[in-house]
Amino acid sequence: MYTDLNGKVAVVTGASKGIGKAIALRLAQEHMKLVFNYHSDQNGAQVAVDQIKQNGGDAVAVQADVSKEEDVNKLVKTAEEEFGGLDLFINNAGMEKEVPTHKLELKDWQRVIDVNLTGTFLGTKAALNYFLDHNQAGNIINMSSVHQTISWPHFADYSASKGGSKLFTETVAKEYAPNNIRVNSIAPGAINTPINAKKFADPKAYADTAELVPMNRIGKPEEVAAAAAWLASSESSYVTGETIYVDGGMKLYPEFKEGRG
Ligand code: NAD
């Protein structure tokens with residue numbers, strides 16, 4: 001538990017399922033007040049919000065498309081109106097489109113960039129403006145991926161968005177460090193969430209992916225949420241512009257794991 005988080009306010013985008021939901025539930029356990037953003041799964045968000053409220057917490061579900069500036073601004077406004085402020089903004093919402101690059105349609109490329117990279121920019125911009133207007137310290141966490149480092153054929157759109165997110169995070173961290181606003185990334189490896197549900201339902205596909213992980217298993221959303229809670233807390237008070245990899249060692253060239261090479 002991180003007692004300094006008690007009573008603070010967080011926005012988590014894409015929180016109706018997967019990693020975003022696990023983060024929001026973990027921050028609620030830390031007694032933070034939560035704006036739960038969802039895009040289309042209102043029920044998923046509401047079930048989680050109800051669960052938090054039953055346990056004595058504070059949360060509200062808000063529909064927003066992170067690629068739209070007015071929607072993202074609404075998330076910060078809701079934090080202020082419902083809970084009296086904002087301390088943490090987590091840009092978690094994301095999507096991917098698997099297709100060989102020569103067949104990738106412009107509209108699909110644009111959608112992935114709009115959600116993953118522009119969405120991160122818009123959430124960061126809205127949070128920065130809130131923190132600066134209120135002359136307060138702030139905390140921003142951007143959900144990246146091991147594919148900010150590991151190139152990934154058939155996912156050029158996704159890899160480009162996460163590579164962009166890495167340098168965006170580092171740039172903004174440097175720009176606003178004097179204002180005591182910390183900006184960090186989390187880069188998950190292969191995590192068992194709805195984004196991978198179809199793939200991991202096939203035991204062979206699951207084993208093939210686990211083979212790419214030195215720890216020989218797929219990660220759990222709660223393991224990513226634990227990193228988010230630490231970055232949110234004052235235990236990480238001197239960390240900014242950093243990426244925390246939560247990947248079982250996936251980015252460590254796993255082909256070499258048995259002394260090959
Ligand atoms: P998921 O599909 O379970 O969840 C993604 C969430 O983003 C959903 O709630 C979805 O509704 C939301 N979303 C999509 N488009 C949106 C939009 N326009 N506006 C608002 N919300 C939107 O996937 P996940 O695995 O939980 O992914 C969460 C984040 O973690 C993503 O940024 C993803 O790239 C990243 N990530 C996941 C993995 C993994 O293996 N699962 C690995 C690395 C990085």
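Let's start at strand β2, residues 33–38, which runs parallel to β3 and is joined to it by 5 bridges. One of the pairs to look for is V35, whose bridge partner in β3 is V60. Please keep in mind, as we go, that this is a predicted model.

Now zoom out from that pair. The two strands belong to an open sheet of 7 strands, paired in parallel, and the order across it is β3-β2-β1-β4-β5-β6-β7. Which strands stand at the edges? They are β3, residues 59–63, and β7, residues 243–246; each has a single partner strand, so one side of each has no neighbour in the sheet. On average, and ignoring direction, neighbouring strands here are turned by 15 degrees against each other.

Next, the helices that lie on this sheet. Helix α3 packs on it and touches β1, β2, β3 and β4, with a direction that makes about 155 degrees with that of β3. Helix α8, residues 221–232, also packs on the sheet, but its contacts are with β4, β5, β6 and β7. The direction of α8 makes about 165 degrees with that of β6.

Is T78 buried or exposed? Its relative accessible area is 12%, and buried means under 20%, so T78 counts as buried. Leaving aside neighbours within four places in sequence, T78 is in contact with V35, V60, V62 and F83.

On one side, β4 pairs with β1, residues 9–12, in the parallel sense over 3 bridges, and I90 is the bridge partner of V12. With β5, residues 138–143, β4 also pairs in the parallel sense, over 4 bridges. There, N91 has N142 as its bridge partner. To get from β4 to β5 the chain goes through helix α4, residues 106–133, and this β-α-β crossover is right-handed.

Now for helix α1, residues 18–29. How far apart should its ends be? At 1.5 Å a residue, its 12 residues should span 16 Å, and the end C-alpha atoms are 17 Å apart, which agrees. Several of its residues are buried, including I19, I23 and L27. Just after α1, H31 takes a positive phi of about 65 degrees.

Beyond its neighbours within four places in sequence, L27 is in contact with A10, V12, M32, L34, L88, I90, A229 and A232.

In soluble globular proteins, nonpolar side chains tend to be buried together. The largest nonpolar core in this model has 35 residues, and those with the most contacts inside it are V12, I23, L27, L34, F36, L88 and I186. Two or more residues each come from β1, α1, β2, α2, β4, β5 and α8. Which element gives the largest share? That is α8, with 7 residues. Apart from this core lies another, of 29 residues, and among them are L86, A93, A126 and Y130.

Conventions. Residues are numbered from 1 along each chain as its sequence is written. This is a predicted model: local features need pLDDT of at least 70, side-chain atom pairs count only at pLDDT 80 or more; totals for chains, interfaces and linings use all residues. Side-chain values use heavy atoms; hydrogens and water are left out. Two strands pair if DSSP finds at least two bridges between them. A crossover is right-handed if, with the strands pointing away from the viewer, the path from the first strand over the helix to the second runs clockwise. The expected span of a helix is 1.5 Å times one less than its number of residues. Buried means under 20% relative accessible area, exposed over 50%, partly exposed in between (1.4 Å probe, protein chains only). Contact means heavy atoms within 4.5 Å. Axes are lines fitted to C-alpha atoms, for helices over the stretch in contact, and angles run from 0 to 180 degrees between N-to-C directions. A nonpolar core is a set of buried Ala, Val, Leu, Ile, Met, Phe, Trp, Tyr and Cys residues joined through side-chain atoms within 4.5 Å.
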